[in-house]
Structures are given as C-alpha cells and as structure tokens.
Amino acid sequence: MSVRDSLSAASAWRWWEFALGLVALGSCVFAGEHALLLNEIAILGLFAMSLDLVLGYAGIVSLGHAAFFGFGAYVAALFAKHVMPDPLVGLAVAIVASALLGALGSLLILRGSDLTRLMVTLGVASVLYELANKLDWLTGGTDGLQGVVMGPLLGRFEFDLYGRTAYAYSLAVLVLALLFARRVVHSPFGVSLKALRDNRLRATSVGLSVPARLAAVYTFAAGLAGAAGALLAQTSGFASLDVLDFHRSADVLLVLVIGGTGYLYGGLFGAIAFKLLHDLVSAWTPQYWLFWLGLFLVVLMLVGRDRFIRPWTWWGRKP
C-alpha cells in the first residue's frame, strides 16, 4: 500500500464519527438546563485537543498550556470591552494573537530536553499570570476584567443566562476546529509529526526539518487554545487570573490522561468524563471530590483505559 493510500484510509470517516455528530446536534437542540455544563465541556474539549496536538502528536510536554488559553481569554474580553463587542471578530483576533504568542513561544522550546521544555512552558505561563496580576489598570488584577458585554451572535442571537446560545456557539467552533485539526493530523505533515515524536534523530536523518514542524504545530495549537479561552471569556462575560492559573494546565493534562493522547477524539471524550465526574462527585461530596478523582485516576492507570469499561477483565492478565 502506498503512502497516499495509507493516508486516505486513515482519514476515511467512520460510522461512529457520524453518530457522534448526530449526538452533538441533538445535544444542542435538547440541552435545556444543562446548556451551561455542555458549554464548559465543549470549551474544555477544544482546549484539550489543542494540547494533544503538541503532546500526543509532536511529543512536546507542556505544563503551561494555560498561557495561550488565558491570553486568548483576556484578548477577547479586552477587544469586546474597548473595541467592538462582535463575538466572531473578537474570536478571530484572539486566535491570531494567541497564535503569534505561540510562534514566539516556540522559539523557546526548540532546544533542550523534555524537562527543559516542561520548565520553559511553566515559566511562560507564570510570567503571563504575574503580568495580568500587576497590570490591574488593564486586566483588573485580582478583581478580574469586569464590564464585558458581548453583542448578539451573527447580529441575531443574544447570549442568555441559560447558556443555549453560548453552547451552540462553542459547539460550532469546536466542530470547525476538529475538522481542521483532523485534516492536519491525517496529512503528510501530521505523519511527520508522529515520526519526530517517536524518533527525532531518525526523522532528522531522513531530511525532516524538526524545528520548523515543532514551531508550526506549537503555533497552531496555541491558536486553538486561545480560541478556547476566548469562548470562555465571551460566553461568561468575564476574564480573571483563574484563566492563567496552573490548575488550568493541570486539569487539561488530566483530561488527556483520561481520554488518551495521540488520538484526536481523546481530548473530547476526556473532557466529557472529567466534567461529568467533577459535576456529579462535587454535588455528592464537595469537600472530597479531589479524593474520588484521584482514586479514579489510580484505578484507570492500574487497569488500563481499554479495560476500564470492562470491570470483569481487571483481575486477568494484561494482553
């Protein structure tokens, strides 16, 4: 089988992808009182998908991916407050600004080992957090950026308190980003990312430009993370230091641990499981929900993701 045939087979649509699309469409219609929760899931899924591009496909370990998420949130909120309240224009501005930040940040992760990249990404996020905290005349500091009023979506659909418009908006952006990311990972560029992830020395020896590919995917992923942050700021009408906090980066890593890395839908499934687990367990025992989350992750790692949904196989030998 030729490389072209292999790429065509890998990019072919599966039946369950169409079923997933129908479920997403149905959830938009029948969201009801759960629209706000579904909106959070869609935003977290987009954020996790952006991290999976650099972690699962390119092998770049990051503890500071919240830098692009928070930067996109602040850009969208500031644009709506001081320039114009149109959500689509603000989203586009936030994506471009976050992608430019990612392009600059990629210069810092091209050299060094995985541990170096880990510390550099964490340092970038910490610097942005402190800047947002000190520049209170611009960002609102610890009080957050208040007074952000979004205009109607497409000039017709107002953002309501029930979150129906917000969820439809976030879901549409998620679907478009997923389609674009799917095209990228199933292209020759996506195959080359997997090659340098598995063996960077061998990828270099066959003539692949490793720095250029790492910079490109890092920039692309930063733009998607900025889009997720912009959606959060636009649909909530608020941006605070929380969007740049370390727990954002930690949570999205947990999402990928649950859903799986190097798998485009892993971030989406992980976001669904993480948010539902958080919502259900925190409602049951708000003081100890982190304990149950930790126990869930321990069991998941011990038995394996594939066998977790089949408890009767937990005590057998792993294949």
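User: Leaving aside its neighbours within four places in sequence, which residues is His65 in contact with?
Analyst: This is a predicted model, where local features need pLDDT of at least 70 and side-chain atom pairs pLDDT 80 or more, while totals for chains, interfaces and linings use all residues. Residues are numbered from 1 along each chain as its sequence is written, and side-chain values use heavy atoms, leaving out hydrogens and water. Contact means heavy atoms within 4.5 Å. With those neighbours set aside, His65 touches Phe47, Ser50, Leu51, Val54, Ala221, Ala225 and Ser249.

User: Is His65 buried or exposed?
Analyst: His65 lies in the loop between α3 (35-57) and α4. Buried means under 20% relative accessible area, exposed over 50% and partly exposed in between, with a 1.4 Å probe and protein chains only. The relative accessible area of His65 is 1%, so His65 is buried.

User: How are α4 and α5 oriented to each other?
Analyst: Helices are DSSP runs (H or I, at least four residues) numbered from the N terminus; axes are lines fitted to C-alpha atoms over the stretch in contact, with angles from 0 to 180 degrees between N-to-C directions. The axes of α4 (residues 66-82) and α5 (residues 87-109) come within 8 Å and cross at roughly 140°. Angles under 35 degrees count as roughly parallel, over 145 as roughly antiparallel, 65 to 115 as roughly perpendicular and the rest as oblique. Therefore α4 is to α5 oblique.

User: How are α8 and α11 oriented to each other?
Analyst: The axes of α8 (residues 164-185) and α11 (residues 210-236) come within 10 Å and cross at roughly 175°. This makes the two helices roughly antiparallel.
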